[in-house]
Amino acid sequence: MAENQQLIEGNQTYASLDTVIGDVVLDQRRHKLPWLTTFGIASIFALFVLPLTLAWLLYQGIGVWGNNIPVGWGFPIVNFVWWIGIGHAGTLISAILLLLRQQWRNSINRFAEAMTIFAVMCAGMYPLFHTGRPWVAAYWLLPYPNIMAVWPQFRSPLMWDVFAVSTYFTVSLVFWFLGLVPDFATLRDKATNKFAKYAYAIPAMGWRGSHRHWHRYEQAYLILAGLSTPLVLSVHTIVSYDFAVSIVPGWNVTVFPPYFVAGAVFAGFAMVLLLAIPVRALYGLKDLITMRHIDWMAKIMLTTGLIVFYGYNLEVFYGWFSGEKVETALMQWRFYGPYAWAYWLLIFCNGIAPQILWSPKARRNIPIVWTVSFIVTIGMWLERFVIIPMSLMRNYLPSSDRMFIPTFWDFSMFFGTIGFFIFMMFLFVRFMPSITIFEMKDLLYKLGADKKPQSDAVGAGEAH
Amino acid sequence: MSHAPIAPKIYGMVAEFETPDQLVHAASRAKEFGYTSIDGHSPFPIHGMSEATGFKCNLVPWIFLVGGILGGLTGIALESYVSILDLPLEIGGKPLFSLPSFFPIMYECTILFSALAGAIGMMALNGFPRPYHPIFDCPGFERASQDRFFLAIEADDPLYSEIETRRFLAGLEPINISVVEEEE
Amino acid sequence: MAQLFKPSANSYAKSSLIFSIAAPVVIGLGIAAMSRSPINTKVDVPKNQPVPFSHQHHAWELGIDCRYCHTSVEKSAYAGLPATEICMSCHSQIWTNSPLLEPIRQSYATGTPIKWTLVNKVPDFVFFNHSIHIARGINCNTCHGAVEQMNITFKGSSFMMSWCLQCHRAPQNYLYPETDVAGHVVTDRTPRQKVFDLYWKIQEDGLDKLNDREMQLATGEDPISTNSTDVAEGRKLVNQYGVKVQQLADCWVCHR
Amino acid sequence: MEDQTPNRLDMDLVRQKLADKRGPAYWRSLEEIAETPEFQGWLDDEFPHRRTLLEIDRRSLLKYMGASLALAGLAGCRGMELEELKVVPYVKQPEEMVPGKPLFYATAWTLGGVGLGLLVESHEGRPTKIEGNPDHPGSLGATTAQTQAAILSLYDPDRSAMVLNDGDGSTWDAFMDAVAAEFSNQKAVHGAGIRILTEVVVSPTLKAQLDGFLKVYPGARWHQYEPFARDNAFDGANLAFGQPVEAVYHLTKAKVIVSLDSDFLQDGLESVVLARQFAEGRRKLTAEDMNRLYVFESQLTCTGATSDHRWSMKPSSVHAVATALLQSVRSQGAVSPPKELSGADFNAVVQDLLAHRGQAVVIVGDQQPPEVHAIGHALNVALGAVGQTVTYHEPRAAHAVHTGRDLKSLVDDMNAGKVDVLVMLGGNPVFDAPVDYNFGEALKRVSRLRIRYGLYEDETTDACAAVDGGHSWHLPATHFLEQWSDTRGYDGTATVAQPLTAPLYDARSPHQLVAALAGDGAPGHDLMSDGYQIIADHWQSSGHISGDFDKGLAEVLHAGIVPNTTLAPRVVALKTFDAAPPSTTGFEVVLRPDPNLHDGRFNNNGWLMELPRPMTQLVWDNAAIISLKDAETLGVQRGDVVQVTVGKQTLAIPAFPQPGHPVGSVLIHTGFGRTKTGSVGMPTQHQSLMGFDLYAKTVGVDSYVLKTSGAAAYVTGATLTKTGQSETLVSTQIHHSMEGRDIVRAGTLAEYLRVPSLNPDKLANPPIVEQGDLDTGVPTETPEQPNIDMYPEEIWTTNLPQWGMTIDLNLCTGCNACITACQAENNIPVVGKTQVMKGREMQWLRIDRYYGGADPDNPSEVLVQPVACVQCEKAPCEPVCPVGATVHSHEGLNQMVYNRCVGTRYCSNNCPYKVRRFNFLDYSNLQFQFTEPATLINKIYKKDGVSLLKMVSNPDVTVRGRGVMEKCSYCVQRINDARIEAKKAGQEIQDGAILTACQQVCPTKTILFGNIADKKSEVFKSRSDERAYRLLEELNTRPRTSHLGKVRNVNPAITAQEGTA
């Protein structure tokens, strides 16, 4: 019982849930200085830095970045993979944990899904703009009968990316929207302000909670979850193919798919914590996103972190075991080259730092968890940096080795997208229920009504 | 429009309950009593309602399945047509039909089509979007999406009658009972 | 609780939903149609010229051979536009003071070239070679339409890549054997002779004596034929001319 | 236009309008002016041909060409043009011309006193590409990098465009009037006040003209000066033989070649034929047939890298080696070996020489003092080489002098105030004369007329104008493709050079000018026509052309050589001379002409600026090239500025530590640091903008400040000090070691005979059974090699030719000619220093250079390897392209389709050879981008009119736009052309019918190209050679380009661990 209560703290009723969650949105007075300042800064990046960068990029060509031959892929692809990775937590939490009947997911899935959508948006910008001519890339990458009588080339991992990422985005969006419909209805009915009423009524589409609807709704929701699970796994697998399929030393590693997926989850949960912790503090959601949740997420971070770390070690092992002169040269380069600091920092961020989460104390210490998440987020970016440009700097023919030095525009675009992400997240928190109301009620009902199966469920939850 | 005032069309009679369990109990009672067009309304899915009202509909999974199959076929068909028939190119010495490279896209198409089909199908089956519904006229119904549970017995039910139905519902100790009219 | 919407809202909602899905499709189809239409391809759009030159008059009525003006069409990638002196070789004798020909005389006198408006143009990254097409028996009209019927010259075909590929992927559908007036296949002619033969036949025998493939050319419709006998004939010619069909659709044959 | 007067008046108008316009601006203003009817009229009767060029310039070249022939899109891949385009046919079409088909004309070029016969490709009167003339003995079809780039100078918008009088715009007529006035005074004193300064004159006609002039003005003098004329050789010959003979080498006969600090394989136009001869001696890989090259040099050169044994030493030490060799050879055995190499080695060299009497030859480098040259001659005599491997001829130069001393006497006269009129035909003495002459000061004493005739307005132009008193004239010179002239090849063979186009600017040929000065060109009359007449007259009188002259001349022009004009060998007798060893202290500074910019005359040529210097791979800069040991002792890294002090002269210049460079000597190339030149050589006005990169300073530093008349060869007694500043030196290769990988296969002759494949693994542990087939490179016929490949052998079977290429590393000298040829043929843009620094150079073909051995100052081997796209059969770049922009053709080419490319750069990432190049910026539309900031203004400016530079573009190749990947195409435009012609002729493409640009230019025939499916083809034979291997074979990419391993014919008597290359 005590166990269970930790999923929802304070003695909540259906009505109180509505208030706790709904008022964040309906009572706009709750958004105070912290929200405004953060949002203000974010919008500078989202509405000024990012557009400016893109304009200059399109005007000049990608020469404004640091890319060169041999380093054809620099920051843009690093950031792309980083964002996609972050975008994985959402659907993973909603889908996989749903299938695993992890009720603790209920209070964070909506939030995580939103994060997914926006992260994938940010990620999507990079492949499009890194050609320097998005107008061409945009329509030549889509298969449709054209007057040139030519088609995309389906053997290319980039083509797979196009399908994987767009599918992932679409499905996540649908999943997210379906989840929102009943809550829109709630807000519609709760709202007093006429404008708000209509604003929520339209997306609610006339939801009235009929049991027939609930019946089909639950079927669909469950199957969607079932579909999303392999989707989530496939997307980052396919992203990892961009590298694993090539013959570039440091890229053609068979371990990439699993360890990219693990990395994605790793990064994703880090980002969820990074955002959830302040939000729950800010909007009095402590009762719904409890220490229990944070504890579990920390555990998942620890697990995936270990998988990723294992991946790093495997890379080194391959490099040594293959006996390939090129591979060993690459390892030398990572260990001692001019960018060695990036490699060792990566090892610290993703390998060493998370180990503190072994201790339950640390897992329940908000500042520590938050800091670790922050470190991990940086670490995951470094991982992509180490894999992508650093591998490209070394070649089969030493004559073509070159350094890669990012420029101002590399960074401005990166921070621009971060700004965009935060910008969107804050809008979301302000105008949409950041916790699934009806699922919380369902949970409350289950917890309150019959305890027997519930404690099992929670038991399952612990033993995940 | 005719001159004689016509009696407003009745949608049905709605009873409001405190708890989910009451609603389920009421629903099953109504079923036993013989009512067929019953509709329960709750802020969250209540397991047992469908059984209680004897509502069955398993179309949704089939829609997902068909969508998925179609998607997969579309994917592989597109790739094969393009790579073998319409634009046969030697790409890095790979065979024209290189299944391993075609698989990912086929796979993604499967999921995409299936998901869209399912989601849209579900909405269609539920008749959404439907911003207007007579039951919204039911007093206090806004709480149906918050913390109250409603059982509606629709007027088109053969057993429906102002008096009988009201008496029956009253027997279930609802918070209140109201008759809902339907706008033309 | 009060209704937020009128009953009619339901139908509005549904229809707007359907519309929002249908609209992009319609727009897409519209663009597709437009890009294939003269709006984009400029087919059949006559261009103003400094001198209202009529192919119909020169090529058909007078029966002047294409090569008289387009001198390099057999030797070079570029068919060649007549130098002013070529025009003058006749027009120093006839129509010597027609006001229409003033620009020609001016040009000849001052040595300033005439600036004709370009009618047929492939993009800069397409390297089209007239001479080899002539040498393989592709008639001028195959690409340029019924030039001998044009008063003010216009573009005969879209020159879209897909259009080029129709022939480059299946030349047998476009190559055709030449027949004499009696309709017998003429065998003793080289492909290039066949090319320049058509207008003569129109001259001598008039349109009605042409076989239907030649008719297609003369009337400027797409001279494709897919009926088995024609295609079989086409195949023969493909072998006879030594056309390497496989290669025709290689990128670097046209793009470099 | 019968009446001339209106035109004269209108010319004044034009002159006013042009008065203060310069460079590109000049062209812009000209566009406005060109609209005025007066100008039109003037054009018509003055320069009929000029019109077309102005047409081109006013309308965008794209529109003109795009219509009048299918000129590949200068606008880049922009898709279908929809706006109204104009077609401009001829008014009167030239007889021989078929629109759309290029014509080739034979002509010749002269550089550093040597002529080279050329064939120049012309599209509709627009020269686009220079090739060697196969019939010319000095070219045999090949050329050098500089020759290839010369075409770019023709279209250089910075060229001197109009006559300047005291710095203001003027005309030739005005000039002629001025001359007429002044020379009439001079007549009185028999022209005692007139001095003419030319570069080394090779042209027989010009010589005759100048002699004629001197007859008219007996008091006048004619001086010659060129900073890198062969003064030392001149003195050396005098010292040895008492007459200024010139040595002509016949290396085909030579079995043992000793280079005393001579870079005869790369330096100068002569190198073309010498490299060819040398290569012939290295084709047969047997101990008796293969020649052996010993190099004693003071810098790492192509020759040194190619040699079998190389000793690097201070320039002064070469004297000792030479002396020792001479004594030893004379006394039939090694005596007193010099300290630079061990007695054993020295003895081995001597024995080798003695064993090959009559088959050995010694070649001395120009920077060596006369004594060493004399010793070299003596050695050749002693070795019985004379008449065999070397013959002595009267100089090519029409009037051989020691230009250094010649200039001195001129300067003395100037300082003595004896000179009233100084006529400078070409050259740039103010920039490149020895500092102690102080030519600029002396110029101030030239009181009345300072006439400067040159291709560019440069330092000398300014110096002339700066003097107050008297008048200065700058006269625009014609590019060699714009003028009638003649010259002599390395063996004296004369060529009558014809122009390819009328002058693009208001320029005259030197012949016309001298003729005019000599008074037989009356002011005002059309100077263009007699440019031809002068040459014709000379050759008619010379009597070399028998029979009907006009017909004969036509044949001569067509052939590109004048029959039997080869200079006859002279009989020489060796005198006794005393060759005192040079005294030397401190650092020794060697000033050499930059391998690309020569003495600075190509300073405004982007192709040459960006062409990596051989060995250093340095671009856009010159540097103090020092040994690694010296760098260590000085504590400087690459780019750290060092102060070079010689007497009073100091020079601050970034250091470049170079492996294989001798300790205690500094090599500095000249030709940089110009203070007045075009926008490429001196982009001062530019700054860096929003990460867009341009320079704020001159390109490189002026090293002539160290050039003194005293030091005939190299400067001794120099000191180097570290300054603490540092600058960026950009080199296209940062890693120099092969890191133990199997990249360049090389071995000694012995190793080759043991393991013909030179496969390092097998060399390390020779297998019992030799598996030569492993390395034949034949794709399918390798039974021993199990096909470890999941892919089908063939996607489709075809009987089409399969293109392939072989590159014989045994012949490659790394002279870079192929790179520039490729650049010219394939419209490859120049990107500028900063872009190269970022790793974005665009050259499709690169020459990798690797060092071997432990001691960096004395690498055991220096290997060069040309690498372009190897056209893999299982190309890794293809499957990764999402839009299928790079796919395989039925002829086995790895096609890159620019207009389909979206620019993901994945192909480049996945290319193990990294031979793909990407247009990160709008390089080709900003031909100037490396000198102009790409600001908005600039881009708008770019829009009006297409820059003249675009006229150099090859119309058969697309000019790539921004965001497009590109790479070597095996010159597919040439393949397609050959195929079409073959088809029209109803035959298959003959072997050798297709020459790729790099193959055609190569002096040593290193590169072979052809159909590898044809078992009889040259390339198939070469590909089946035992030495043939495919780069990075282990990746199973199946390259169509095979490299052939390098074999060094080492002297067995010399132990490997001695420092040899």
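Residues are numbered from 1 along each chain as its sequence is written, and chains are lettered from A and ligands numbered from 1 in the order in which they are written. In this predicted model, local features need pLDDT of at least 70, side-chain atom pairs count only at pLDDT 80 or more, and totals for chains, interfaces and linings use all residues, while side-chain values use heavy atoms, with hydrogens and water left out.

The predictor assigns the complex an ipTM of 0.91 and a pTM of 0.89. Where pLDDT is low, the predicted coordinates should not be read in detail.

The contact between the chains draws 60 residues from chain D and 60 residues from chain A. About 4,800 Å² is buried between chain D and chain A, 55% of it on carbon and sulfur atoms; buried area is the accessible area (1.4 Å probe) that two parts lose on being put together, summed over both. Of the area that chain D buries against chain A, 15% is supplied by R741(D), Y906(D) and R962(D), more than by any other three residues.

Two salt bridges (a side-chain nitrogen of Lys or Arg within 4 Å of a carboxyl oxygen of Asp or Glu) are counted between chain D and chain A. R394(A) forms a salt bridge with E739(D), in which the closest N and O atoms are 2.8 Å apart.

Within chain D, an open sheet of four strands has the order 36-29-38-37, with mixed pairing. Strands (E, at least two residues) are DSSP runs, numbered from the N terminus, and two strands pair if DSSP finds at least two bridges between them. Strand 36 (1007–1011) and strand 37 (1028–1029) of chain D each have a single partner strand and stand at the edges, so one side of each is left without a neighbour in the sheet. Strand 29 (residues 803–808) and strand 38 (residues 1041–1044) of chain D run parallel and are joined by four bridges. D808(D) stands opposite L1044(D) in strand 38 of chain D.

Notes: Contact means heavy atoms within 4.5 Å.
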